[in-house]
Amino acid sequence: MPRIVSLVSRKASAASRIVSLVTEAAFILLFTLMTCSAWGDEIAPSVLSGNHAMLRLNTAHKYLLLPVEERTDNDRLTVIVGGRAEQTLNVRLATTKADYYVPLELSAWQGKDALLDLHISGSGRDVKALSDIALWKLLKYSDTFDTSNRERLRPLYHHTPLYGWMNDPNGMFYAGGKWHLYYQYNPYGSLWENMSWGHAVSSDLVHWKEEPIALRPDALGTVFSGSCVVDSANVSGYGAGAVLAFYTAAGESQTQCVAVSRDGGMTFTRYPGNPVITGDVPDFRDPKVFRDEERGRWGLVLAAGQEVRFYASEDLLHWRETGRFGKGYGSHGGVWECPDMVRMKVRGTGESKWLLIVNIGDGGPNGGSATQYFIGDFDGSRFVPEGRPEDVHWMDYGKDHYATVTFSGAPDGRHVALAWMSNWQYANAVPTRQYRSANSIARDLSLVKRDGSTALCVEPAPEMLRARKPATKQLTTACEITAALRGSGTITFSNAGGENLRLIVDSKAGTITLDRTRSAIPAINDRYASRITAPLSGGRYNLRLFLDRTSLEVFDADGTMAMTNIIFPTAPYTDLSVTGSVKTRIYPID
């Protein structure tokens, strides 16, 4: 009897455990379903406080797609692996809706236990409780990220990033038949942040292929502008043909660093002796390395406040300061940035001169950002410009030509420059979302003698002639227009919505003016809607106009005037009309 009772008791106990297990399983299933419903597929963060959350990452996927809402403030995200911070980034994470998505690549941590630490900003958000924001439902994993164009306003033949923010072109060099363009890049949103070096390559300076990000921030800071050179003679010890990148690490202070590529500029490894140059002023950046053949060494110029400083090196790794230039010379309406130093032959003479390019953050000829230059002599330490200290020379009179620098190693003795086609007065406000900003067309620079002094010529690169299609009578959204004028005249671009862009030549005043006050989507800002004027000499003018959806670049035939401006019509310009003695031809470009 006791044996029977014991058996019954054990059966009852087993049944009870089964019920308990079933109940527990049902609870887990219910919790899982609720979690998936609340947080989206595989997204289950731990909300730790009013502005702090953690998320265990599923690194089996290639990407975590981050939803961006631009009206919010930046949130700080840190990827932690094995207790170490592997990557930190700032993203304007969505509170109510996603304006667009950006990818956080997880490939580097595949198979590892990775944690995403999120500090959510409280400002700029209407939802009080962190657990209630739409972010958690919008986050999603993916093994692909769609970079196909979704922007009606994206240019056709100007370089733009596939997605994200872009400003200064930097690190540009030519080698092996390829033009390498690096640029200031934010891969985590279409506003300025997380400065890295994006990378694109071209064989013709017109069509660009995007490559993986070349340099990301490290412990010394984000990656600001700089330059690249090919070490053909192996003076650095990294091998003949190694590509050395010089950049500003923007941490607590701005310092100059080196990274080395042994695969032609595709991937870089930081030099262990970084930083190689330190300074004593807050704005201390944008190193441009150049070859000083007269002294058989390498030179470097960088911006320090409102002057430039020169350095010299025999091995590209150890640098010493040799001189300074800038106080009392040129324009000082804003901070000096992105300098360049180029030795050039003066066309038609036996002379050579140095061209010093200095970009300026404010105070341009038509307001805001611009590029000034000086022509003179340089002895490795002291730069002596021609003309008076107060003389100011502008490379381009438009509002949207900035951070201009040249390619290192350009073939056939050429000096090829690119500019960022925007202005800090409204760069963050232009009406695109998938990406922001484009670069100018490539320009060839040369020196000539004019009126007894040395002058700079700025001309479209000859590759632009080869990009022309047969002439047509119909205006296209991406084209070159040649215009021959006798005396004054006006060229007007217009669309069915009543918007127009007018180019006005006044031979009596000796000016050319672009009127874009009725050309744009009105949401940019009041500093965009403007009339932009440049000097223009002579009575007969041959102009080349490069139209590409959201920009118009104007050059005169002798290279004395360039004027670059961005435009944002609500519909493409379809009509071209002229007044005065003006003859035009239209060449489509794609």
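## A buried salt bridge

Arg 443 and Glu 553 are both buried, meaning under 20% relative accessible area, with exposed over 50% and partly exposed in between (1.4 Å probe, protein chains only). They form a salt bridge whose closest N and O atoms are 2.6 Å apart. A salt bridge here is a side-chain nitrogen of Lys or Arg within 4 Å of a carboxyl oxygen of Asp or Glu. Arg 443 belongs to strand 28 (residues 443–450) and Glu 553 to strand 35 (residues 551–556), so the bridge ties together parts 110 residues apart in sequence. Strands (E, at least two residues) and helices (H or I, at least four) are DSSP runs, numbered from the N terminus.

This is a predicted model: local features need pLDDT of at least 70, side-chain atom pairs count only at pLDDT 80 or more, and totals for chains, interfaces and linings use all residues. Residues are numbered from 1 along each chain as its sequence is written, and side-chain values use heavy atoms, with hydrogens and water left out.

## Other salt bridges

The count comes to 38 salt bridges. Asp 377 pairs with Lys 353, the closest N and O atoms being 3.4 Å apart. Asp 377 is in strand 23 and Lys 353 in strand 22 (residues 352–360), so this bridge ties together parts that are 24 residues apart in sequence. Lys 353 also bridges to Glu 386, with the closest N and O atoms 3.4 Å apart. That pair links distant parts of the chain: Lys 353 in strand 22, and Glu 386 in the loop between strand 24 (383–385) and strand 25 (402–406), 33 residues apart.

Why does Lys 353 count as buried? Its relative accessibility is 9%. Elsewhere, a network of salt bridges links Glu 70, Lys 97, Asp 99, Arg 433 and Arg 436.

## Aromatic pairs

The structure holds 26 aromatic pairs. Rings of Phe, Tyr and Trp (its six-membered ring) pair if their centres lie within 6.5 Å; planes under 30 degrees apart count as stacked, over 60 as edge-to-face and the rest as tilted. Phe 290 and Phe 378 make an edge-to-face pair, 6.2 Å centre to centre with 65 degrees between the planes. The pair links distant parts of the chain: Phe 290 sits in strand 17 (residues 284–292) and Phe 378 in strand 23 (residues 370–378), 88 residues apart. Both Phe 290 and Phe 378 are buried.

Which residues do ring pairs link into a cluster? They are Phe 173, Tyr 182, Trp 197, Tyr 247 and Phe 268.

## Charges over rings

Two arginines sit over aromatic rings. The rule asks for NZ of Lys or CZ of Arg within 6 Å of the ring centre and within 35 degrees of the ring normal. The charged end of Arg 291 is over the ring of Trp 298, 5.1 Å from its centre. Arg 516 lies over the face of Tyr 528, at 3.9 Å from the ring centre.

## Two loop residues

Ser 408 is in the loop between strand 25 and strand 26 (416–420). Its relative accessibility is 18%, so Ser 408 counts as buried. Beyond its neighbours within four places in sequence, Ser 408 is in contact (heavy atoms within 4.5 Å) with Met 172, Phe 173, Tyr 174, Cys 228 and Val 229.

Arg 382 lies in the loop between strand 23 and strand 24. Arg 382 counts as exposed, because its relative accessibility is 56%. The C-alpha atoms of Arg 382 and Ser 331 are separated by 19 Å; these residues are 51 apart along the chain.

## Pocket and cavities

On a 1 Å grid over the protein atoms alone, a cavity is a set of points where a 1.4 Å probe fits but cannot get out; a pocket is an open set with protein on both sides within 12 Å along at least five of seven lines; lining residues have an atom within 4 Å of a point. Grid points are joined across faces, edges and corners, and a volume is the space filled by probe spheres set on the points.

The largest pocket holds about 1200 Å³ of space. It is lined by 43 residues, and the closest to its centre are Gln 87, Glu 105, Tyr 188, Ile 213 and Arg 216. Strand 5 (84–91), strand 6 (100–105), strand 10 (178–186), strand 11 (196–202) and strand 12 (209–215) each supply at least two residues of this lining. There are eight cavities of 30 Å³ or more. The largest cavity has a volume of about 110 Å³. Its lining has 13 residues, with Ser 437, Ala 438, Thr 550, Ile 566 and Phe 568 nearest its centre.
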